[in-house]
Amino acid sequence: TPREAKEIVFRACKRLQISTVLVANMRLQTPAGNALVSAVQVTGEADAADRYIVATAAPGDLVVTQDIPLAALLVPSGIVVLDPRGEEHTPESIGERLSIRNFMEQARGAGMITGGPRPYDARARQAFAGALDRALVRLLRAR
């Protein structure tokens, strides 16, 4: 997740008084002065962070990830999943996103040059901030 997206999440968590958990297979720095943010360090084993998130996330939670296979595991469980560019994965869209991701991975594996992701620019940050606010308001109203 781009650092700018993390900062947006940290500000929203503080503003709305929502606890936030960072999960990774390395030590993560939490923002100073924001006790609502905690970090969980999992083993360095492949997909350990994904397994931890799948095991602990519950309906009504929001997960920010650019990992499409992880999103495909979470969405059917009623977990709101956003990517750092503001795209919300839904039951209607996640299958297609996973198929495209798998196709592109196969194309790269076959030597095709597919380019990389677009730069994470001001437009992407704004789209993410707006999508995050909409998702959080929706989740808070549902509680």
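**Figure 1. Helix H4 gives the most to the lining of the second largest pocket, with five residues.** The model shown is predicted. Helix H3 (68–74) and helix H4 (94–109) each supply at least two residues of this lining. In total, 22 residues line the second largest pocket, and those nearest its centre are Gln66, Ile68, Arg85, Arg97 and Pro117. The space within the second largest pocket amounts to about 760 Å³.

**Figure 2. The largest pocket holds about 1,100 Å³ of space.** Val21, Leu22, Leu62, Val63 and Val64 are the closest to its centre among the 36 residues that line the largest pocket. Two or more lining residues come from each of H1, strand S1 (20–24), helix H2 (48–56), strand S3 (62–64) and H5. Helix H1 provides the largest share of the lining, six residues. The lining of the largest pocket divides into 24 nonpolar, seven polar and five charged residues.

**Figure 3. Helix H1 (residues 3–16) packs with helix H5 (residues 122–142) at an angle of about 30 degrees.** The axes of H1 and H5 lie 10 Å apart, and their crossing is right-handed. On the H1 side, the contact is formed by Glu4, Ala5, Ile8, Val9, Ala12, Arg15 and Leu16. These residues meet Arg125, Phe128, Ala129, Leu132, Asp133, Leu136 and Leu140 in H5. The residues of the contact of H1 with H5 comprise ten nonpolar and four charged residues, with no polar ones. Both H1 and H5 also give two or more residues to the lining of the largest pocket.

Methods: Residues numbered from 1 in each chain as written. Predicted model: local features only at pLDDT ≥ 70, side-chain atom pairs only at ≥ 80, totals over all residues. Heavy atoms only, no water. Axes fitted to C-alpha atoms, helices over the stretch in contact; angles between N-to-C directions. Helix = DSSP H or I, 4+ residues; strand = E, 2+ residues; numbered from the N terminus. Left-handed = near helix turned anticlockwise from the far one by under 90°. Contact = heavy atoms within 4.5 Å. Nonpolar A, V, L, I, M, F, W, Y, C, P; charged D, E, K, R; others polar. 1 Å grid on protein atoms, 1.4 Å probe; cavity = no way out; pocket = protein on both sides within 12 Å on 5 of 7 lines; lining within 4 Å. Points joined across faces, edges and corners; volume = space filled by probe spheres on them.
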